[in-house]
Amino acid sequence: MKPTGVIFFPAFDWAISPTHPEREERLLYTRDQLFEEGIMDMPEVREYHPRLATAKDVSRVHFCVPDVESRVTEAHMVSAGCAMVMADAFMQKEVKNAFAIIRPPGHHAMTVVHGNRGFCDINNEAVMVEYLRRTYGVRRLAIVDTDVHHGDGSQEIFWDDPDVLFISFHQDGRTLYPGSGFTNELGGPLAHGTTINIPMAPRTTDEGIHYIMDNLVLPMLDEFKPELVINSAGQDNHYSDPLANMSFTARGYAILNQKLRPDIAVLEGGYSVETALPYINMGIIMAMAGIDFSNLREPDYNPTRFKESAKNMDYIRSLVTHQLAAFREREKVVEANRKEGREYYGSSRGIFYDTEYLQEEQRLDLRMCPDCCGYRRISSSCVHHSGRSYSVFCISLPAACCPDCAARARQDYEDMKKKPGGDYLYLQDRIEDEYKTFETRTGRETTL
Amino acid sequence: MLIGIDVGGTYTDGVLFSEGSVLLSVKHPTEENDLEGTLLSVLDELLARAGRADVRRIVLSTTLVTNLLATGRGERTALLLLPGSGLPFSAYRISPDTYFLKGGIDFRGRQIEAPDAKEVEEVLKKVHDSGIDRVAVAGKFSNRNDAHERMVEDRARSLYPHMDVCTSNEIAGRLNFPRRAVTCYYTAMTMREWNRFADGIEAAIGARSPRSDVHILKADGGTTTLEASRKRPCETVFSGPAASTMGTMALSRESLNAVSVDIGGTTSDISLVIEGLPLYASKGALIGGHLTHINSFAVRSIPLGGDSRVYEESGELRVGPMRLGPAACLGGAEPTVTDAFNLLNGLGLGNADASREKLQAVAGRLGVSLEELCGKIADEVVDRLERNIEEMFGLWEDEPAYKVWEVVHRRKFELHRVIGIGAAAPAIIPMLAAKMGVEHFLHRYSPVANALGAAVARPTLAVEVHVDTGRRTYTGSPGGLKGTVEKRSFQLEDARELALDCLKEASRERGLADYAGEAHVYLEEQFNVIRGFTQEGKLFDVGVQIAPGFIHEYKGVA
């Protein structure tokens, strides 16, 4: 039997600020626990060495304003690189599955990056997904976001991508950051139903989550048939997490992973650094490696402490029915949207960057392509922390882009170069794996 | 004058060394059943040559403990584990006599579950009733709080005073409970035999050369006093390769990145030296299939040596891995690697005609000329060595990293020099070094590098302290160090000072005080403990060590 790949990158020399939840201490006790258990010495586990993601790896997903180097910290580049190391280990069949225990996290980072949102600069899973597609030709994937916070960054990045099934269960957005992830957020017009949100009431227990796993998540994965399942593995649903209000246990997380059987898991949030993280991380490794975890428990674990209320179970049951129906309607809805015959589908919104207090204004136009999921044009403006205001225009080709969209998108970029408006113009050409930046002021173009 | 003796599996080598010269080297076959006798016969020859001169220090490297553990001849030893929550108990397949006890400690040394005194007594009785009188006790996170291990130890000592009891926190203080348990288990298993041997040696040397300090070479290439080794016999495993590597370093003497290749008859041992310091096995010595907390050199042994047989099989040239006897030029029946190099480089070793005759037969079967064959054999040997060396670089470069800095400044091994030892080294090493584009180094003392390495190696000692200012405690290794920190504004400098004080104290206890001043810091970590946006304390991990090196009076070889 092949081992489980583990990369442990605690970034012991990086913090957002000395007392911030995302600080050096976050994975310290996890380190102590993993090392003391000696789990990395076991034949079931193989430990890997981190590497840095390149600016090109990041540009496959993001438009970093003004560029990757000045926007993204080295810590984030290592974190994303670690996810890619796990992807390589898995795809090259060195391991049966893989778990990146890394920080900083990534699932709040969206396509356009003006700064840090929800402790994230860049989206580790998304960088890994586009790397998997480019390097290994993977097309269909599922991301199950098990963090207590809605994975709004991952949702936004894959919003218009029908080949990525993004499922997020999280504490109800009316009670927790980032305040999104409601049942009516189902994906873009050509990718409807491949974004599925499962908002849960505060204090939901293991029982509730396992009902959702068994009756919604697993059936959807069965029907979607992804080539790869990724667990965006936050650990803040734990009963002791200081930033959220749920009632999951370490064992609950272990069982979840036993059921989900992710090919690759990537750590996201989780800020109960002493009481939860050491035990949940152990539990996930053990579950993925097939090691019996019945002897694993938190110091204050009490099996009778949390009991799911009948009322909440009723809510969960109706939620599951509702979302399963939405998922099963997806192809029908997409077809109807296509039939409307619009050339572009436009939307506008504001995006708040909580870590740095930035407000971005964005307009997105999706080509309603009859043959593929369409290319995206995004115009975005934001006053950065430095006081400088940026307005940029971004063109993104999906990985499964049709030749017509590709030609139009490239032509759009050339046309825009001739009549520049904002500060920067970007072309994300995933077909050619070429990422262009055009600086309007100097007329300088760089290609990654 | 200095004496170094390396008791190896086949031969025991000894040197008498003074003012840069080997005055006498002695080589005797090792009598496996009488290591003490072999050792003393070598010692007597060396002492006879020393005459009335004062032999200040005698360093011994022996295979006693290695043999006991590797051959599974250790006495039955009970392992009492207190694993608490975590991996299933089935993960701890270490001793056939393993017993599990209640009790749990967490990473900050807090008690999660109390041990059960009644259960402890019942288990001890079972151990006693099954005729076992050696006991190892290991608890998870006992390096952060040794109370549970102590409690079991105290019960055992008071109920069964004849038992040998070892606790894991005393043997090894680093994180990794299974490795700590194994190291403690092996210590309990070998302690009595080692002490018997130490008694014999102490008496014998006391009678012959009473003014000599007696040291034992450890796996980490450093020495410890015979007295201090009594508590930690396991540290003496694998001292043979350590002796060789220390010997090559003593001869080459420069702070370079080097690879040392010890080419023996059947195998070649490769070890890396990084900026003048030998590379350790990152996971500790592997003994009997178990990883331990014993620092040992990362030595890769490959089945390729001077006596590796050269033959033809299905039209292909084969080199090794078997050894069927010595080289043809030295009277062997089959041609070997040494024969090929003998001809290729005109070494004039033994009967060169025999080399030629036997190799010609192989060349004939392969349909190539003798010159071509010798060239092919040499290429194959050099390629295989190079490949293994490069894999070792790669493994070192790919060690896990836990800091951004380490990943951004990724380490890269740049080789400066290849150092050769062993009889076949002069023939092979220059070619290998040329292929790798670096210089080679051979020395006339290479054949006795192991004994010389033992003779001039200095003592080593590493101390690690873990300070938790929130709980106002510190613990440390080795030897179950612990105490309280009173200072409110305890900082990294204080932790460093504490570690150095602990090292000084430990080196005094072990008779190594002369070298305490040479300790340096090799590990430094600090973390703020924040709860709800306020700081509750700090955690420090500081490691200081007297690294492997050479004794003060060693100034190189003449």
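This report looks at a pocket, a strand and a domain pair in a predicted model.

## Ground rules

Residues count from 1 along each chain as its sequence is written, while chains are lettered from A and ligands numbered from 1 in the order in which they are written. Because the model is predicted, local features need pLDDT of at least 70 and side-chain atom pairs pLDDT 80 or more, though totals for chains, interfaces and linings use all residues; side-chain values use heavy atoms, leaving out hydrogens and water.

## The second largest pocket

The second largest pocket has a volume of about 610 Å³. (A pocket here is an open set of points on a 1 Å grid over the protein atoms alone, where a 1.4 Å probe fits, with protein on both sides within 12 Å along at least five of seven lines; lining residues have an atom within 4 Å of a point. Volume is the space filled by probe spheres set on the points, which are joined across faces, edges and corners.) Of its 27 lining residues, A:Gln155, A:Glu156, A:Trp159, A:Glu185 and A:Arg349 are the closest to its centre.

In chain A, α6 (152-157), α11 (330-339), β11 (344-353) and β12 (358-367) each give two or more residues to this lining. (Helices, H or I with at least four residues, and strands, E with at least two, are DSSP runs numbered from the N terminus.) The largest share, 7 residues, is down to β11(A). The pocket lies between domain 1 (4-332) and domain 2 (341-447) of chain A, because both give residues to its lining; the bounds come from an automatic or database domain assignment.

## Over in chain B

B:Ser260 sits in strand β13 (residues 258-263) of chain B and is buried, at 2% relative accessible area. Leaving aside residues up to four places away in sequence, B:Ser260 touches B:Thr248, B:Asp269, B:Ile270, B:Ser271, B:Ile419 and B:Ile421, with contact meaning heavy atoms within 4.5 Å.

Terms used:
Buried means under 20% relative accessible area, exposed over 50%, partly exposed in between (1.4 Å probe, protein chains only).
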